[in-house]
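Thanks, everyone. Please have the viewer open while I talk. I will go pocket by pocket, then residue by residue.

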Amino acid sequence: MSLNFNDFLKLDIKFDVEKLQTAYKEVIKIKNFESPGEITNFGAISLTQIPGDPDSIKGHKARGVFWTKPDSSGKEVTRDVTVDEEKYSEFIDDYKDTYFKDVYEALSKKYKLGRVRILLKQPRSTLSWHRDPEPRLHIPIITNPGCIMVIDNVAKHMPADGHAWITNNTKYHNFFNGGEEDRIHIVACVLNHKFN
């Protein structure tokens, strides 16, 4: 039986990975990663916000709603807060002089985006087994061979080579960093892409 990678769509759009890494270094000089208090191995820096509303990227809004099956009952529960993705249309001024602004403009021409964030996954850690309201667009910036995304029962490494991917996060999935360095991706909510 061969594996089906249909939930991982490699796009025909590619960015300069060295410029992505430089932009990341510029951003972390301006802003630290934020995460909800009880989450220790995940961090987010929002590149977009609801126009004129800096509170739209704070606390649990940096993570957003998802569904998970946290215990042996297998019962699905809702976690975190619902955000109105369509409203996240303002690129944050602090980062307008970085390459990320060019990336955002290029992606916005092709896709209807919600929140666009830089996401951190710390070494030797994993996300919960969960599903999200919409697909996600990933651009790996810093990664290692131990960084794997699993959707249903299919595992895939997305290299930091400038390519963008859309992943079917509406299915149950997780992401783990089995390496010994931080994994850094740009992750955008994609509102106008449907998987079969």
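The second largest pocket is lined by Asn4, Asn6, Asp7, Phe8, Ile151, Asp152, Asn153, Val154, Lys171, Phe195 and Asn196. Keep in mind that this is a predicted model. The volume of this second largest pocket is about 170 Å³. How does its lining split by class? Four residues are nonpolar, four are polar and three are charged.

Take one of the lining residues, Asp152. Asp152 sits in the loop between strand 11 and strand 12, the latter spanning 154-156. Its phi is near 55 degrees, which is positive in a residue other than glycine. Most residues other than glycine have a negative phi. Is Asp152 buried, partly exposed or exposed? Asp152 has 39% relative accessibility, so it counts as partly exposed.

Asp80 also has a positive phi without being glycine, here near 70 degrees. Look for Asp80 in the loop between strand 5 (77-79) and strand 6 (90-91). Its relative accessible area is 22%. The buried class ends under 20%, so Asp80 is partly exposed.

Back to the lining of the second largest pocket. Asp7, Ile151 and Phe195 all belong to it. Which residue touches these three? Asn168 does, leaving aside residues up to four places away in sequence. Asn168 lies in the loop between strand 13 (163-167) and strand 14. At 3% relative accessibility, Asn168 is buried. Its side chain also makes a polar contact, at 2.5 Å, with the side chain of Thr170.

Now the largest pocket. How much space lies in it? About 470 Å³. Its lining has 29 residues. Those nearest the centre are Phe42, Arg63, Leu127, Ser128 and His130. By class, the lining of the largest pocket holds 12 nonpolar, nine polar and eight charged residues.

Which strands supply at least two residues each to that lining? They are strand 4 (66-68), strand 7 (113-121), strand 10 (136-142), strand 14 (173-177) and strand 15 (183-190). Strand 7 gives the largest share, four residues.

Follow the chain on from strand 10. Thr143 is in the loop between strand 10 and strand 11 (147-151). With a relative accessible area of 16%, Thr143 is buried. What does Thr143 touch, beyond residues up to four places away in sequence? Its contacts are His157, Met158, Pro159, Ala160, Glu181 and Arg183.

Leu20 is part of helix 1, residues 17-30. Its relative accessibility is 0%, so Leu20 counts as buried. What surrounds Leu20? Not counting residues up to four places away in sequence, Leu20 touches Phe15, Tyr99, Phe100, Val103, Ile139, Pro140, Ile141 and Ile186. Pick out Ile141 from that list. Leu20 and Ile141 are 121 residues apart along the chain. Their C-alpha atoms are separated by 6.2 Å.

On burial, Asn168, Thr143 and Leu20 are buried. Asp80 and Asp152 are partly exposed. That is the tour.

Notes: Residues are numbered from 1 along each chain as its sequence is written. This is a predicted model: local features need pLDDT of at least 70, side-chain atom pairs count only at pLDDT 80 or more; totals for chains, interfaces and linings use all residues. Side-chain values use heavy atoms; hydrogens and water are left out. On a 1 Å grid over the protein atoms alone, a cavity is a set of points where a 1.4 Å probe fits but cannot get out, and a pocket is an open set with protein on both sides within 12 Å along at least five of seven lines; lining residues have an atom within 4 Å of a point. Grid points are joined across faces, edges and corners, and a volume is the space filled by probe spheres set on the points. Ala, Val, Leu, Ile, Met, Phe, Trp, Tyr, Cys and Pro count as nonpolar, Asp, Glu, Lys and Arg as charged, and the others, Gly among them, as polar. Buried means under 20% relative accessible area, exposed over 50%, partly exposed in between (1.4 Å probe, protein chains only). A polar contact is a pair of N or O atoms within 3.5 Å; within protein, one must be able to donate a hydrogen and the other to accept it, and residues adjacent in sequence count only if both atoms are side-chain atoms. Contact means heavy atoms within 4.5 Å.
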